2 protein chains.
Amino acid sequence: MSDSLQEFKARFAMISRLGQAAGLLGWDQQTYMPSGAAMARAEQMAALGQMLHEIGTSDETGNLLTAAEAAIAGQPEDSDDVRMVRVARREFDKATKLPVALVTEIARHTAIGQDVWARARHANDFAMFAPVLEKMFDLVRQSAECLGYKDHIYDALIENFEPGTTAADVATMFAELKPDLVALTQAIAQSKRPVDDRVLHGDFPTEQQKALTLSVVAAIGYDLTRGRQDIAEHPFCANFSRDDVRITTRFDPKFLNQALYASMHEAGHAMYEQGSPAAYEGTTLSGGASLGVHESQSRLWENLVGRSRAFCHWVYPQLKSQFPDALAHSDAEAFYRAVNKVTPSLIRVEADEVTYNLHTLLRFELECDLLTGTLAVTDLPDAWNARMEAYLGVTPPTNADGVLQDVHWSCGLIGYFPTYSIGNLLSAQLWESATAALPSLNTQIEHGEFDPLLGWLRTNVHAYGSKYLPKELVLKATGKPLSARAYMDYLTAKYTDIYSL
Amino acid sequence: MSDSLQEFKARFAMISRLGQAAGLLGWDQQTYMPSGAAMARAEQMAALGQMLHEIGTSDETGNLLTAAEAAIAGQPEDSDDVRMVRVARREFDKATKLPVALVTEIARHTAIGQDVWARARHANDFAMFAPVLEKMFDLVRQSAECLGYKDHIYDALIENFEPGTTAADVATMFAELKPDLVALTQAIAQSKRPVDDRVLHGDFPTEQQKALTLSVVAAIGYDLTRGRQDIAEHPFCANFSRDDVRITTRFDPKFLNQALYASMHEAGHAMYEQGSPAAYEGTTLSGGASLGVHESQSRLWENLVGRSRAFCHWVYPQLKSQFPDALAHSDAEAFYRAVNKVTPSLIRVEADEVTYNLHTLLRFELECDLLTGTLAVTDLPDAWNARMEAYLGVTPPTNADGVLQDVHWSCGLIGYFPTYSIGNLLSAQLWESATAALPSLNTQIEHGEFDPLLGWLRTNVHAYGSKYLPKELVLKATGKPLSARAYMDYLTAKYTDIYSL
């Protein structure tokens, strides 16, 4: 290996390790940190963040990158070194294009924004949040102009989360989905065979839920020698290298679904990180390709596996042995139906598989309108409520249950919501390919054999780390570009059966 | 404030916060880190360590320091700014005097050393450890020469742990202690009224021990909104700012003392850190003055408080309510006697108050002889065993129970052991001053009122952070230099009573 390539790798390995250290600070903040330490933790994270930014954007790093680009000239387009340098260039350019003053201003406004948002939501007072939101959209608009884009200002933003994907891609995706989703939602609402989900509500003691969820995530392939499960208010997955990938969950002692499906979801993210190649560790190719691809993994395990009839029949006897009283008068089929109940509802994070994407669609449309100035922030609540009625047939009684429900905008995460839907669509498209490659997949799942599926994902998704752009990866793994087709086929077949449509 | 002083403070605040982040990585490694993450964690710690070293020794930091020294010229000797800059200078000089190659070599040899030590101890094979130890003493000798010293090579080493203290100070301290300690140990061994400690052995379920230790440390003043207790193989205290000071302990379900006194010991360290002034946060004046002063706080709470008759009478009813069966046939006085049993033994960390300092004395003498070449590494086991026999009247049956018992030397911690004894002596000297200021202290403790004592320590020790050298601090807090007198008086009175000498 050339000296300059070696120096480049050493520099980015150091940046990667410092980023992992910063990750641990974040994990600890949400799990074990004493409440009194909040200010100190903020200072520690700021110091490490500043350090990372300084190293990541320094002339020295820029020179190492330029030298590395010279060193790889002529190497095959598909080689790890070429891709490694290319990802580094993408990150470096993004970081150096933003003026430090703007980055600082956004960071400061994020801290304020989150705080004001939490108070406004609590007080159900959109007017309190409006000026903060307006300023956040201004700042984000400025950052988009610095980053640059070809067609639509939204392109510059989604690029942060889903490299190589444009607003036009997202618009096409939702245009494909929208009519079918709205129609399916309405058909289910009119079904003569509604779903009874009382089996999920009862007494499910936390200790037994802990044991159950841990045994389920271990069974599906989450490696607990390189991971662990803790409790946090909002379930998340955090990784500090492929060998330290932790999940969190929360337990509702009166409702079984919360912890079980959140655990499978986070384990899906975690297995993706654990499957990142050892050779990519400490390079720009480690970890997942994008938020959307990440979400395809979590959703695949949560929904395509976890809410399948096969899985429900496998897991039910375990549930019954942990909760013999609560499940005394139920069976696996009732459990399967219950975990697949469809109800148009107000809150995105509680939405079922069918209606979920209507929530993200609505947010995407509103973000575009706010960014381009078609919609004023003061008119946002009305626009929100009108779309909720049109797409889901429900109107939020309060802004707290409507436009104020998500934290994302308050911390500048604009261009983020579509990645949830990309993940949903991709989960079904991957599932279709996996099923074609593994004809006995359903039977395997019914017998608790998850290795073949995980193996397929390891080979076709995880093994690439973040070497390829999401679009390239989807093509490699499924042989076609991402579309809504597999997802709509999956939903239609499944819910036609459940609701006897 | 002058600009240069402000820039100096900002730089050292950043260094301090990065050091705290590194601390969290270490804490996590010993508490919650999955086993598979060991290599990744080592890389993260190395990256952060390298970063800290680079910033801490950079020309830019050196220039900020020089400018700050100019800015404080003429300010009173006792001002915070003067002291802050002086501590920074001490640290900077120490860090820059050591060649990077030597620092790296010691770090590398420490990793090897710890591993070989653990295996040699397990195999009871000193010959396996000898070459590693020899090289470690060589490297440490080289670092001492780089750091410089006036009289004795040991001075350069103890300076790392106990600034301003010399080998001559330590020799004087042990010369004062040795004859009296040996005599007291022998008198106790010949006592006609031995101590029965069976009350401490029995069934003490871990869950109840957890509840008890947590309630005890909270009662003595450990602030759990700025701290927490976790389980670790070796109890320790780790702090990442004054507002995040964590302790760990371990529980032996068959032996009550382990967790109770380890928790009080670590809480003593923790309260010192929690008492560091808020104004010193992020400066070189935060935290404790030295390892010795730190140990005075842990030992004071563990021994002077925790093993006092007053405390035992206060805590006993709580013990009895947690462990009604195990303590059915005992009482507070029996408990008091049991926790003060004196037995010359092989292992330092299990030693009682009386014999403990003979263990550290022996290590100090051997370290000096090894450093100056009076003793060869190959002759170390014999020298160890001969001194054990002379001072404690016991001879280790194996090297694992003798010269191989402590990890310190394998990781280059030479010059460290005396700080344990400095802590013991100082704990008694502080106690004497506190008792003079608080005539009802004993009664207060008997009633579970620990605030007055903690208040006295806050004012007379904690409030100074690391502003003063240990010698200055001792003078301020107790009005006299450190000596063995208070400690020997305390031991003699207490054990004359217990053993009817």
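In chain B, select strand E1 (residues 227-231) together with E3(B): the two pair in the parallel sense over five bridges. The model on display is predicted. Within this pairing, Gln229(B) has Ile247(B) of E3(B) as its bridge partner.

Five of its five residues are buried, so the strand is largely enclosed by the rest of the structure. Val245(B), Ile247(B) and Thr249(B) are buried on one side, and Arg246(B) and Thr248(B) are buried on the other.

Move to chain A and select helix H12 (residues 309-322). Its 14 residues should span 20 Å at 1.5 Å a residue, and its end C-alpha atoms are 20 Å apart, which agrees. Centre the view on Val315(A), where H12(A) bends by about 35°; Pro317(A) follows within four residues. Val315(A) is buried, as are Phe311(A), Cys312(A), Trp314(A) and Leu319(A). To see what the buried residues of H12(A) pack against, show helices H9 (206-220), H11 (291-305), H13 (332-338) and H17 (441-446) of chain A.

Finally, show both chains: 30 residues of chain A are in contact with 30 residues of chain B. On the chain A side, helix H1 (3-31) and helix H2 (38-56) are the elements that give two or more residues. The largest share, eight residues, comes from H1(A). Colouring this side by residue class gives 15 nonpolar, eight polar and seven charged residues.

Key:
Residues are numbered from 1 along each chain as its sequence is written. Chains are lettered from A and ligands numbered from 1 in the order in which they are written. This is a predicted model: local features need pLDDT of at least 70, side-chain atom pairs count only at pLDDT 80 or more; totals for chains, interfaces and linings use all residues. The expected span of a helix is 1.5 Å times one less than its number of residues. The bend at a residue is the angle between axes fitted to the seven residues ending there and the seven starting there. A residue is buried if 20 or more other C-beta atoms lie within 10 Å of its own, exposed if 12 or fewer, and partly exposed in between; C-beta atoms are placed from the backbone. Two residues are in contact if their C-beta atoms, placed from the backbone, lie within 7 Å. Ala, Val, Leu, Ile, Met, Phe, Trp, Tyr, Cys and Pro count as nonpolar, Asp, Glu, Lys and Arg as charged, and the others, Gly among them, as polar. Two strands pair if DSSP finds at least two bridges between them.
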